Amino acid sequence: MAYPINASTYPKAKTYPVGHGYGTRPGEPISIVVHSTEGVVGQSLSSAANYIYTSSAISAHYLIGRQAEIIQFLDPQKYSAWHSGDAISTYVNVNSIGIECLHAKGEDWPAVQKDALAWLLRELSTHYAIPNTLIDTHGQVAIAGPYSRKLDPVPMTWR
């Protein structure tokens, strides 16, 4: 099943200048980092999207809602989102695509959300020739070591 991607509601690069949570990408993305927002339980998709969209300190390429909604903030071909922070070099911002999933500790992971994530991962990995071995979680790739500085996505059965 294909999922629609909303690329028109939160067009970060059309609204804010480079440096407002993102930069230009020097080459093709080579990896993907999966995150979870870890906001408050019951946070709305629009609240999480507005935060990512307006923040000058962070960004993501995509946000996946609990009902499988997919929002695109930045074109991963043109822009690097500021999502990974200090990470293993393969996964730093200029090398990776950042995908946030709307989730808070204590909430479940709806099957439709996981299905939309799996679909988007397949689409991106095929389009950019990113092997499955270069798709990982923020908690796994963040420096100071696996799941010490960053824990997200919390808790998701991975792979």
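A helix's expected span is 1.5 Å times one less than its number of residues. I had that in hand before opening this one, which is a predicted model.

**Helix 3**

I started with helix 3, residues 111-127. It has 17 residues and runs 24 Å from first C-alpha to last, close to the expected 24 Å.

Next I asked which residues of helix 3 are buried. I got Q113, A116, L117, W119, L120, L121, L124 and S125. Those buried residues pack against several strands, among them strand 1 (5-6), strand 3 (31-36) and strand 7 (96-101).

**Cores**

Then I looked up the largest nonpolar core and found 20 residues in it. I32, I70, I97, I99, L120 and L124 have the most contacts inside. Strand 3, strand 4, strand 7 and helix 3 each put in at least two residues. Helix 3 gives the most, with six.

**S31**

Last stop was S31, in strand 3. Is S31 buried or exposed? It counts as buried because its relative accessibility is 0%. So where does the side chain of S31 reach? I found it 2.7 Å from the backbone oxygen of T90. Beyond neighbours within four places in sequence, S31 also touches Y91, N95, S96, I97, I130 and L134.

Note on methods: Residues numbered from 1 in each chain as written. Predicted model: local features only at pLDDT ≥ 70, side-chain atom pairs only at ≥ 80, totals over all residues. Heavy atoms only, no water. Helix = DSSP H or I, 4+ residues; strand = E, 2+ residues; numbered from the N terminus. Buried < 20%, exposed > 50% of the residue type's maximum accessible area, 1.4 Å probe, protein only. Contact = heavy atoms within 4.5 Å. Core = buried A, V, L, I, M, F, W, Y, C linked by side-chain atoms within 4.5 Å. Polar contact = N/O pair within 3.5 Å; in protein donor to acceptor, adjacent residues only side chain to side chain.
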